[in-house]
Amino acid sequence: MHKQIHLPLPLLAILQRLQLLWPSPQPVHPQWFNVIAALLLSVQLNQHFIEQIMARVPGQLSLQLNLFLLLPLLNFLLMWLVSLVGVQKSGFLFLAFVGAVSCYFMDSFGVLMDKSMLQNALETDIAEASGLLSGAMFIKVAGLMILPIFLCWWLPVRSQTTKQKLIHTLVSALIWLVITGSVLANGRAELIPFFRNFRDIKHMALPLAPISAAISVSQHWLKELFPTQLTKIGEDAVLPASAHTGKPRLLILVLGETARADHFQLNGYERATNPQLSQLPVVSFRQVYSCGTATAHSVPCMFSLLDQEHYNADLAKNSENVLDVLQRSGVAVKWLDNNSGCKRVCDRVPSKMLFEDKTNPLCHQGQCQDEILLQALRLELAEPLTQDRVLVIHQLGSHGPEYFRRSTDKQKKFLPECTDKQIQFCDVQTIKNAYDNSLIATDELLANVIRTLQQQHDYQAAMLYISDHGESLGENGTYLHGLPYWMAPQAQTHVPMIWWMSEEFEQKQGLSLDCIRESRDTQLSHDYLFHSLLGSFAVQTQVYQPSLDFLQQCRRRSN
Ligand SMILES: [Zn+2]
């Protein structure tokens, strides 16, 4: 007889009765047990998940099929892991139990099994918790546990030698990789936008969702238990007296969103996406590459002293960045955000999250038109400082998939636009139209920033615009961004960068506009931002590398 689990007597009696009806078969291969267990978990616990998919993408059979295949594949991975550590059946029962409890809460209270839900649940006191525990919960969970317990009881698993176990585990992992890889490769064009549009859906897959939430919560606790110290950089940073040349300097750094270089008219794009900037004395750098393919990677990376090759999210998060160095040297730094926050880059400098403004008519449902940045900028400049100053304005730019929401009716020069969240169902030309209109909105914003700077007389002013990453617009069936860098198309990594400065800034900083213009085809990257910002204010510090300052070769500074 195979190994049994100790069970309460009445349950034992039921199971023995069942076993008389269905006698146990021959022991199965451990990996077959994993397959059966994964299928059972997927079918039994995921009624809600399946219903939601059917409701959100009705009639999209290939997408539905891919999603329904991914669920048991991922549940198999969980089973593979528990059997790897030698707790196959008890691990399976644990997964079934966690899934059953989550299923009860999802069905009864409509909650999602995400990190914040789990954190709330763990921080709930006994009184609140006992209010949630009920007879109904007991019945639901017990009902969902019958089949898993029966399966463990009824189905014996073949024992293996260590060598067999090792080889079979590896082979099953390989088969899993091939199947999962082909499902992902085959369904990529539909799956990526689906998970972007319906971010909540992954928190409905059981028992995956509560397990991944538990991992996130424990990671969070570990970090709180062992806080890492902030690494200071550029502690020697100073502004030398010779750097003060009359009026204080003001640099507006416009941090773009999802703008791709090859759709800028200034870089040779055939459409008029820069109708206003084309009329202004700007320099558009045409060979600039991003650090990452997503905001959360690129933004911390570009402000960090780490270059793209050595960038590491944890290292960057626990280290000061160029804004800290500027602030330490005496430059007043402020961050104005209309994106989704500054990804911890502005943690130690003053900041304003403009998208939180619920009363501004430019805002709807937590998203605001980028014009709100211009309002905020003008408000900031109304109070002149005697210090040098950097204002970062973080755009919503061309954030997808709803590009059509990023331009006003007046800015919509290319029609018709794709207005479907599921952009893969739009004609590629309508996606391009909506996207290019969003670039016209950015063009207008940048032109307005420049005009605002031209009209103020308190500073020597300059503006630098740079996008965080590009965007795929349906080329080869790829949409949006965020692909791993090594496989990302140039559309996602080739970004626009634009420089403008007042004549006063040019003269007093010893720069030459002609020289800068001539260098517009230099190969540049996000790695240059850190040092170019320091160079613009002539900050003296050992961390400054002139070779990574794109203005350095056009500067005739005496110090
Ligand atoms: Zn971004």
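User: What stands opposite Leu255 in β7?

Analyst: His394 does. A strand here is a DSSP run of E with at least two residues, a helix is a run of H or I with at least four, and both are numbered from the N terminus.

User: Before we go on, what sort of model is this?

Analyst: This is a predicted model, where local features need pLDDT of at least 70 and side-chain atom pairs count only at pLDDT 80 or more, while totals for chains, interfaces and linings use all residues. Residues are numbered from 1 along each chain as its sequence is written, and side-chain values use heavy atoms, with hydrogens and water left out.

User: OK, back to β7. How many bridges join it to β1?

Analyst: Six bridges, and the two strands run parallel. Two strands count as paired if DSSP finds at least two bridges between them. β7 also pairs with β3 (residues 332-337), again in the parallel sense over six bridges. Within that pairing, Val333 has Val390 as its bridge partner.

User: How many residues of β7 are buried?

Analyst: Six of the six residues of β7 (389-394) are buried, so the strand is largely enclosed by the rest of the structure. Buried means under 20% relative accessible area, exposed means over 50%, and partly exposed is in between (1.4 Å probe, protein chains only).

User: Which residues of β7 point one way, and which the other?

Analyst: Arg389, Leu391 and Ile393 point one way, whereas Val390, Val392 and His394 point the other way. In a regular strand the side chains alternate between the two faces of the sheet.

User: What is the order of the sheet?

Analyst: It runs β4-β3-β7-β1-β8-β11-β2-β12, an open sheet of eight strands with mixed pairing. The edge strands are β4 (351-353) and β12, each of which pairs on one side only.

User: What does β2 pair with in the antiparallel sense?

Analyst: That partner is β11 (residues 494-501), over five bridges. Val283 has Trp499 as its bridge partner in β11. β2 is also joined to β12 (residues 524-525) by two bridges, and those two strands run parallel. There, Val288 stands opposite Leu524. Five of the seven residues of β2 are buried, so-called "mostly covered".

User: Now the cores. Which residues touch the most other members of the largest nonpolar core?

Analyst: Phe33, Phe92 and Phe194, out of 56 residues in that core. A nonpolar core is a set of buried Ala, Val, Leu, Ile, Met, Phe, Trp, Tyr and Cys residues joined through side-chain atoms within 4.5 Å.

User: Which helices supply at least two residues of this core each?

Analyst: They are α2 (30-45), α3 (47-56), α4 (61-84), α5 (88-109), α8 (135-154), α9 (162-197) and α10 (208-225). The largest share, 11 residues, comes from α5. A second, separate core has 50 residues, including Val283, Val390, Val392 and Phe537.

User: Last one: how many helices and strands are in the chain?

Analyst: There are 19 helices and 12 strands. Of the 559 residues in the chain, 53% are buried. The C-alpha trace spans about 95 × 55 × 50 Å along its principal axes.
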